[in-house]
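Please keep the view open as you read.

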Amino acid sequence: MTHLVARMRPYERTIFGEMSALATRLGAVNLGQGFPDTGGPDEVRRAAERAIAEGHGDQYPPAHGNPVLRAAVSEHQRRFYGIDVDPDVGVVVTTGATEAIAATILALVEPGQQVMVLDPYFDLYAATIALAGAERVAVPLTAHTLRPDLGAMRAALTPRTRMLVVNSPHNPTGVVFTRGEVEALAAFAFEHDLLVLADEAYEHLWFDDNVHVPLAGLPGMFERTVTVGSGGKSFSFTGWKVGWASGPPDLIGPVRVVRQHLSYVSGGPFQEAMAVGLHLPDTYFDGFRADLAAKRDRLCAGLTELGFRVIPPQGTYFATTDVRPLGFTDGDEFCRRVPHEAGVVAIPLSALSDHPEVSAPYARWAFCKRDAVLDEALRRLRGWLG
């Protein structure tokens, strides 16, 4: 890697790729990387099959996304959140939420400006901020409870802060920000005239009464917010890599400019299929949440029984555990040992953090797996810890 540019050298490897490769090599149960091991709804899959069979995906789709999907994103925002988005100039389809996030930062942040992220954070944020030549300002969530800390955010703010990245439901912790917390984050952004990247890839993966509150739906926030969504997360087709960004035309226009020079276009037939998914009835989204909540309960009950302190996941695919009750002081040490000694893979939160004083004791587990896989992981851990 001697020729890799200096700003990207810290991002040569990702913890997800590293731990998934380790799981494959050791035959370990992979509860590290967040992808489901079952398929999504048949209606959506059949729509993709029809599009392929009818030749709709043989050539490039429109540069900013299939109009059918852009219209479906607009209708989705209105249906679920009462947010009006112009499908012609306020939506762009991307190669997964990944590209939407990257294009937003690259389009709206100048070199030398700062992007504030809540720590721990999805590792893509750090790499993309570096690509933009900007500076990452990582503000830790509160210790023990992992909630937004407005006092710490105010202390970290500088005149160079340009953008705030808000991810709720939150990866990696599984926390869903309350309405009060979202309102406080919105007030902070408004007061300091910050642009907001709202990473809402897990918007439909909230549990119990922890309802997702979109930032763009709050007064004065639509005009300063780019909202990112994910078909892969909402419909369990992560390999299709279809995402989108929506917002006001003066923000989405720049995102479109940058995005067309990344992948240009992708996933033509899958774009048509995702439009079908966004029109599914409420019963689909309710059932999707209920199924994942049952998996969450299955894994968390088992981890609690084994002695972990579990922070109950309010959303996403992920459960966060404190490993200190088991005699470990460091989640990274725990996650490095457990694949070899127990045959199970988890992710240390410290690999996704600039603040080990908060993140060090924690490990993240993905529960978006078949019951048999979760049970096997717990069986292996039980044997190891016993």
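In what follows, Ala, Val, Leu, Ile, Met, Phe, Trp, Tyr, Cys and Pro count as nonpolar, Asp, Glu, Lys and Arg as charged, and the others, Gly among them, as polar. The model is predicted, so local features need pLDDT of at least 70 and side-chain atom pairs pLDDT 80 or more, while totals for chains, interfaces and linings use all residues. Residues are numbered from 1 along each chain as its sequence is written, and side-chain values use heavy atoms, without hydrogens and water.

A pocket here is an open set of points on a 1 Å grid over the protein atoms alone, where a 1.4 Å probe fits, with protein on both sides within 12 Å along at least five of seven lines; lining residues have an atom within 4 Å of a point. A volume is the space filled by probe spheres set on the points, which are joined across faces, edges and corners.

The second largest pocket holds about 230 Å³. Its lining has 16 residues, and F80, Y81, V211, H212 and P214 are the closest to its centre. By class, this lining has eight nonpolar, three polar and five charged residues. Helices (H or I, at least four residues) and strands (E, at least two) are DSSP runs, numbered from the N terminus. Helix α11 gives the most to this lining, four residues.

The largest pocket has a volume of about 930 Å³. Here α5 gives the most to the lining, with five residues.

Finally, an open sheet of four strands runs in the order β9-β10-β13-β12, with antiparallel pairing; two strands pair if DSSP finds at least two bridges between them. β9 and β12 stand at the edges with a single partner strand each, so one side of each has no neighbour in the sheet.
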